[in-house]
Amino acid sequence: MPFAEHLLEQADHLARREKQRPRQASLRRAVSTAYYALFHFLIHEATGNWKRAAQRPLLARGFEHGRMKAACEKKRAELRSHLGTIPPPADLTIARHLLAVADVFIKSQDLRHKADYDNSRTWTRTQVLTQIDEIMTAFQSWKVIRNEDLAQDFLVYLLVRDR
Amino acid sequence: MFVPGVIAVRAVHIGLVQKKEIAAAVERAAPTLAPDVVRVQYRFGEDWTGDSSIYFGIILSDHAASQEKRLGEIAQRVETTLEDAINVEELGLQSYFNFRSQSEQANLKDPNWP
């Protein structure tokens with residue numbers, strides 16, 4: 001999944017670009033780029049299921065930030081409730097990893113919105129490196145569960161409204 | 001040992017009783033996050049989609065913040081602890097977390113953060 005990983009690498013580069021006093025421009029672009037790394041990562045995973053490869057970029061354009069956030073919120077609520085029932089160990093592992101992905105997506109999206117549009121806010125390197133590390137962990141979590149039905153269903157709900 | 005302090009900054013859309021319960025829950029949870037966390041601040045607001053939200057400002061010790069490979073792990077522990085403590089799901093709140101080191105916060109002199 002090179003593009004998303006390259007974006008995350010670029011975010012990390014921006015966060016460390018100025019050794020002593022990081023510029024706000026570098027930090028804000030890092031926050032935004034880190035979010036987009038996860039955004040494109042999940043879209044790539046979802047569209048990869050579409051048999052006709054030439055149509056995948058077109059399908060990718062159907063994903064919306066708000067819809068994806070709503071899907072993540074719904075899944076997160078379901079998973080938190082499920083984890084409260086003390087599920088069997090195999091379910092527990094899948095649920096925890098998927099919960100981590102959905103949760104980091106929601107939180108990173110709000111950070112990205114502030115980084116892109118809120119000029120009143122001051123960013124720090126600690127904030128940005130924390131976000132990048134959490135997204136890196138979300139990538140790893142996804143790789144553990146990507147073939148599970150629950151994870152694959154989640155990808156569909158990122159695109160399609162659950163009625 | 002330095003016990004994490006707690007500051008509630010400003011609030012919207014949350015009932016007074018809930019605010020008091022949240023304040024008490026954060027007060028109880030914050031010391032369990034030491035020594036990585038030296039202060040927990042929060043405010044209520046709305047996120048970019050208009051959902052009622054609680055924004056936490058977490059001040060990490062300089063030692064914790066310098067351990068870059070542990071930042072994600074520290075953040076996860078902080079987030080889970082505070083979300084469980086205030087039961088965000090039941091309250092219907094989105095929770096968001098912002099992290100700074102002690103030195104960064106001291107340099108910025110930004111009392112209204114997060």
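**Cavity, rings and confidence**

Modeller: The structure, a predicted model, holds 1 cavity of 30 Å³ or more. Residues are numbered from 1 along each chain as its sequence is written, and chains are lettered from A and ligands numbered from 1 in the order in which they are written. Local features need pLDDT of at least 70 and side-chain atom pairs pLDDT 80 or more, while totals for chains, interfaces and linings use all residues; side-chain values use heavy atoms, with hydrogens and water left out.

Biologist: What makes a space a cavity?

Modeller: On a 1 Å grid over the protein atoms alone, a cavity is a set of points where a 1.4 Å probe fits but cannot get out; lining residues have an atom within 4 Å of a point. The largest cavity holds about 120 Å³, a volume being the space filled by probe spheres set on the points, which are joined across faces, edges and corners. Its lining has 13 residues, and Lys107(A), Leu111(A), Glu134(A), Glu79(B) and Phe97(B) lie nearest the centre. Helix 5 of chain A gives the largest share of that lining, 5 residues; helices here are DSSP runs of H or I with at least four residues, numbered from the N terminus.

Biologist: Why is the pair Tyr36(A) and Phe39(A) called edge-to-face?

Modeller: Rings of Phe, Tyr and Trp (its six-membered ring) pair if their centres lie within 6.5 Å; planes under 30 degrees apart count as stacked, over 60 as edge-to-face and the rest as tilted. The centres of Tyr36(A) and Phe39(A) are 5.5 Å apart and the planes stand at 85°, so the pair is edge-to-face. Both residues belong to helix 2 (residues 24–47) of chain A, 3 residues apart, about one helical turn.

Biologist: Why is Phe39(A) called buried, and Tyr36(A) partly exposed?

Modeller: Buried means under 20% relative accessible area, exposed over 50%, and partly exposed in between (1.4 Å probe, protein chains only). Phe39(A) has 7%, so Phe39(A) is buried; Tyr36(A) has 22%, so Tyr36(A) is partly exposed. Tyr35(A), at 0%, is buried.

Biologist: How do you know that Arg121(A) lies over the face of Trp123(A)?

Modeller: A charge sits over a ring if NZ of Lys or CZ of Arg is within 6 Å of the ring centre and within 35 degrees of the ring normal. Arg121(A) lies over the face of Trp123(A), at 4.3 Å from the ring centre.

Biologist: What is the average pLDDT of chain B?

Modeller: pLDDT is the predictor's confidence in each residue, from 0 to 100. Chain B averages 88.

Methods. Helices (H or I, at least four residues) and strands (E, at least two) are DSSP runs, numbered from the N terminus. On a 1 Å grid over the protein atoms alone, a cavity is a set of points where a 1.4 Å probe fits but cannot get out, and a pocket is an open set with protein on both sides within 12 Å along at least five of seven lines; lining residues have an atom within 4 Å of a point.
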